[in-house]
Amino acid sequence: MRTRIQIFAAAFVGVVAVCAGAGAVHISAAAAEADTIAAMQELTAADVVSEMKIGWCLGNTLDATKSSASIDDDPSKFETAWGNPVVTEELIDAVLDAGFNVVRIPVTWTGHFGEAPDYTITDSWLNRVQEIVDYAYDKGAYVIINMHHEDWNDPYYDSEETICEMMSALWSQIAERFEDYDEHLIFEAQNEPRKQGTSVEWTGGDQEGWDVVNAANQAFVDTIRAAGGCNPYRMLMIPGYAASSSSNALSHIEVPEDDDRIIVSVHAYTPYNFALNISGTDTWNNDTGDIDSLMSTLKKLFIDNGIPVIIGEFGALSKDNESERAEWVRYYISAANEIGVPCLWWDNGLVTGSGERFGLISRYTYKCVFNDLLDAMMEAAGAK
């Protein structure tokens, strides 16, 4: 498979040769890559984040787990395991046409790699991830890929060595596959690393959890920075424990020093009873306290210290209350914009039924199912 830069260089050579004849100046893939690297060297994470208006997450798709598929099966068996159809370029076009300029693609790699010590990722899975990345990247959008539901990534001290080993082995392969992609492709180390099924799973963590999550983040950063191509200058996202928005978890994030291409990732469905609790209230009642507190904490801990932040997941599930959600999202995004933090809507494709209905863009018709909500999002984000 030729790289993107090789394809670009070949096309460029052809055009120049036609225009200039035998005296055409030929550009090499190496020269094209060098130009991309030189441009990326001039950028910081803050520069890139400042170009982001609002984002959309391709939830419950490439991150699906617990399917009956085996490692050698077609990727579509995993991709559709949680009820969503195969992703099409038309879907991503609809997302971009709606005004989003960031697409986050959660990816679960468990079930797609071999045994230790190489943990070799199957070509079929890498190819499919790359295909979907290209749907958005080729149109100039920012794209984020991560490690999502990984069953080996529970942050305990006795697992730390293996977690860091696997982070390095897997991310080195991903970095190699995407080494010539420019600043529009961002790597996110982990999703919501936490002690699952424990009393501290969703309460901000404990010292052990904080330490291991930080160690895994550092292993990720070290791996990407040692990789080839554009990776030494790639923008990288790291979460705290569970990607939690609690001040306890946020205050224990260790951001690697002397690297101005690091972004902190936070997930915040807040206030909880309105945004995420299915049994909670369907009215917002202008309850701004939790949102205001979150933005204040992010500003104090990170923004004021020159560390950019992305709210990598946010949303309010549908309780047949679109007008309330529209008012809520308008306030939420406006508050985030005041401190320079872009927000990424979690869209799991679910628009009917009794589950967590975060669906916004239909996976079948490619139409927005909540136009007032979308309008409020875009207006608050300055995307319209």
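Before going on, a few words on how to read that. Buried is under 20% relative accessible area, exposed is over 50%, and partly exposed lies in between, using a 1.4 Å probe and protein chains only. Contact means heavy atoms within 4.5 Å.

This is a predicted model, in which local features need pLDDT of at least 70 and side-chain atom pairs count only at pLDDT 80 or more, while totals for chains, interfaces and linings use all residues. Residues are numbered from 1 along each chain as its sequence is written, and side-chain values use heavy atoms, with hydrogens and water left out.

Back to α13, which covers residues 371-381. Its buried residues are Leu373, Leu374, Ala376, Met377, Met378, Ala380 and Ala381. As background, an α-helix has 3.6 residues a turn, so residues three or four places apart point the same way. Just after α13, glycine 382 takes a positive phi of about 75°.

Now the chain as a whole. It has 13 helices and eight strands. Of its 384 residues, 55% are buried. The radius of gyration is 21 Å, which agrees with the value near 21 Å for a compact globule of 384 residues. That radius is taken over C-alpha atoms, and the globule rule is 2.2 Å times the number of residues to the power 0.38. Along the principal axes, the C-alpha atoms fill a box of roughly 70 × 50 × 45 Å. Among contacts with a separation of 6 or more, 75% are between residues 24 or more positions apart.

Next, glutamate 313. It is found in strand β7, and at a relative accessible area of 3% it is buried. What does its side chain make a polar contact with? The partner is the side chain of arginine 104, at 3.0 Å. A polar contact here is a pair of N or O atoms within 3.5 Å; within protein, one must be able to donate a hydrogen and the other to accept it, and residues adjacent in sequence count only if both atoms are side-chain atoms. Leaving aside neighbours within four places in sequence, the contacts of glutamate 313 include Cys57, Arg104, His148, Asn191 and Trp346.

Histidine 148 is in the loop between β3 (142-146) and α7 (160-177). Buried or exposed? Histidine 148 has a relative accessible area of 8%, so it counts as buried. Its side chain and that of asparagine 191 are joined by a polar contact of 3.3 Å. Not counting residues up to four places away in sequence, histidine 148 also touches Asp63, Arg104 and Glu313, among others.

On to the rings. There are 13 aromatic pairs in the structure. Rings of Phe, Tyr and Trp (its six-membered ring) pair if their centres lie within 6.5 Å; planes under 30 degrees apart are stacked, over 60 edge-to-face, and the rest tilted. One of the pairs is phenylalanine 113 with tyrosine 119, edge-to-face at 6.0 Å centre to centre and 75° between the planes. Both of these residues, phenylalanine 113 and tyrosine 119, are buried. Phenylalanine 314 and tryptophan 328 are stacked, because their ring centres are 5.9 Å apart and their planes are at 25°. That pair links distant parts of the chain, with phenylalanine 314 in strand β7 (residues 309-314) and tryptophan 328 in helix α12 (residues 322-338), 14 residues apart. Phenylalanine 314 and tryptophan 328 are both buried.

Last, some backbone details. A cis peptide bond, with omega about 5°, joins alanine 116 and proline 117. Proline 117 is in the loop between β2 (102-105) and α6 (123-137). Another cis bond runs from threonine 270 to proline 271, with omega near 0°. Proline 271 lies in the loop between β6 (262-267) and α10 (272-275). Asparagine 285 is not a glycine but has a positive phi of about 55°; its place is in the loop between α10 and α11 (289-301), and it is exposed at 62% relative accessible area. Aspartate 320, also not a glycine, has a positive phi near 55°. Aspartate 320 is in the loop between β7 and α12 and is exposed, at 68% relative accessibility.

Technical notes:
Helices (H or I, at least four residues) and strands (E, at least two) are DSSP runs, numbered from the N terminus.
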